[in-house]
Amino acid sequence: MRDGETGPMVQAKKITLYALTVFVLYTIIQSPERAADLVQIGFEGVSSAAQAVGQFMTALIN
């Protein structure tokens, strides 16, 4: 691979990651309670998804 082909994509990823980091930090600083609520909702979603996958796998085995 040549650097010219991957350069713009790598640069775009860096900019996106930087913007996302700034947004997350801004949200936490401006409204820590809301940020905590969003994190809790996210973890509940991941937990529900894991439970659903577990139930699906159990159903396949039985």
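## Overall form

Helices are DSSP runs of H or I with at least four residues, while strands are runs of E with at least two, and both are numbered from the N terminus. In this predicted model, the protein has two helices and zero strands. Its radius of gyration is 19 Å, whereas the globule rule gives 11 Å for 62 residues, so the protein is more spread out than a compact globule.

Along the principal axes of the protein, the trace spans about 55 × 40 × 5 Å.

## Surface and charge

Of the 62 residues in the protein, 3% are buried.

The protein carries 4 positive and 5 negative charges. The mean position of the positive charges and that of the negative charges lie 12 Å apart.

## A nonpolar patch

Which residues make the nonpolar surface patch of about 380 Å²? The patch is made by Leu-20, Phe-23, Val-24 and Ile-28. Val-24 belongs to helix 1, which covers residues 3-30, and Ile-28 is also found in helix 1.

Are Val-24 and Ile-28 buried, exposed or partly exposed? Val-24 has a relative accessible area of 38%, and the value for Ile-28 is 42%. Buried means under 20% and exposed means over 50%, with partly exposed in between. Val-24 therefore counts as partly exposed at 38%, and Ile-28 likewise counts as partly exposed at 42%.

## Distances from the patch residues

Val-24 and Ala-35 are separated by 11 residues in sequence, and their C-alpha atoms are 8.5 Å apart in space.

Terms used: Residues numbered from 1 in each chain as written. Predicted model: local features only at pLDDT ≥ 70, side-chain atom pairs only at ≥ 80, totals over all residues. Heavy atoms only, no water. Buried < 20%, exposed > 50% of the residue type's maximum accessible area, 1.4 Å probe, protein only. Patch = residues over 30% accessible without salt bridge, like charges linked within 9 Å, V, L, I, M, F, W, Y side chains within 5 Å. Areas by Shrake-Rupley, 256 points an atom, 1.4 Å probe, with all protein chains shown as cover. Salt bridge = Lys/Arg side-chain N within 4 Å of Asp/Glu carboxyl O. Rg over C-alpha atoms; globule rule 2.2 N^0.38 Å. Lys, Arg positive; Asp, Glu negative; His and termini not counted. Charge placed at Lys NZ, Arg CZ, Asp CG, Glu CD.
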